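Colleague: Could you take me through one part of this model closely, starting with the contact between a charge and a ring and moving on from there to the aromatic rings and the strands? I'd enjoy a connected account.

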Amino acid sequence: IALGECFYFIRGGNIQKRVFPNGINSDTEKDIIKNQKMYFDDIVPGMTVEIAPAVIEKEKMMTFARDYDNIPLHTDEEYAKNTPFGKLIAPGVMSFMSVWAKYLEVDFFGEELLAGKSTKIEWLKPVFAEDVLTGKATITRLVKRNEKNGLVEVSIDAYNQNGELVLKDVTEAIVKCRLVCS
């Protein structure tokens, strides 16, 4: 990563890496490092987390496809051989959820998340069985809604083992603000 300072945290037994694009410049940012809490007020555009690899296991892919996206492109190997892809492709939602599950291991918000608001996924290249997807989540927009919470936009880019961008996601989350004591 070219700019900023990088810090590693341990949350739930997992190692988490956070990047502050302009370095650690304030007491609030130092408090984030110390307490590992990410209230809306602590988050700045450009913050990133690396997402651990997610392997698209063929058996899980087939089970998911049969249960949730049962079309021949995902479930019939003979059919898939005669498509432009030449073999089965993973259901797009399954590919995204595999990356999302890994993101949740290192997410920005933890217990400060109140709710998800929306998500928009764009699939750019097919994902195949045994592909390994990695990614990066970046804070791309902040909107304070009121004194209690704000809207945080997180953009995720996911790549296959060849470095090809396979999907992009933009998710909006509602995150707690720090409460001011009177």
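Modeller: Happy to! The charged end of Lys-87 sits over the ring of Phe-128, at 4.6 Å from the ring centre. A charge sits over a ring here if NZ of Lys or CZ of Arg is within 6 Å of the ring centre and within 35 degrees of the ring normal. This is a predicted model, in which local features need pLDDT of at least 70 and side-chain atom pairs count only at pLDDT 80 or more, while totals for chains, interfaces and linings use all residues. Residues are numbered from 1 along each chain as its sequence is written, and side-chain values use heavy atoms, with hydrogens and water left out.

Now to the rings paired with one another. There are five aromatic pairs in the structure. Rings of Phe, Tyr and Trp (its six-membered ring) pair if their centres lie within 6.5 Å; planes under 30 degrees apart count as stacked, over 60 as edge-to-face and the rest as tilted. One of the pairs is Phe-64 with Tyr-68: the centres are 5.0 Å apart and the planes stand at 50°, so this pair is tilted. Both residues belong to helix H2 (residues 58–68), and being four residues apart puts about one helical turn between them. Helices (H or I, at least four residues) and strands (E, at least two) are DSSP runs, numbered from the N terminus. Tyr-68 is exposed, at 64% relative accessibility; buried means under 20% relative accessible area, exposed over 50%, and partly exposed in between (1.4 Å probe, protein chains only).

Phe-96 and Trp-100 are also a tilted pair, because their planes are at 35°, with centres 5.7 Å apart. They too are four residues apart, about one turn, in helix H5 (residues 92–104). Phe-96 is buried at 5%, and Trp-100 is buried at 19%.

On to the strands. In strand S6 (residues 149–159), 10 of the 11 residues are buried, so S6 is largely enclosed by the rest of the structure. Two strands pair if DSSP finds at least two bridges between them. S6 pairs antiparallel with strand S5 (residues 132–144) over 10 bridges, Thr-134 having Tyr-159 in S6 as its bridge partner. A hairpin of four residues connects S5 to S6. S6 also runs antiparallel to strand S7 (residues 165–176), joined by 11 bridges, and Leu-151 has Ile-174 in S7 as its bridge partner. Five residues lie between S6 and S7 in their hairpin, where Gly-163 in the turn has a positive phi of about 80°.
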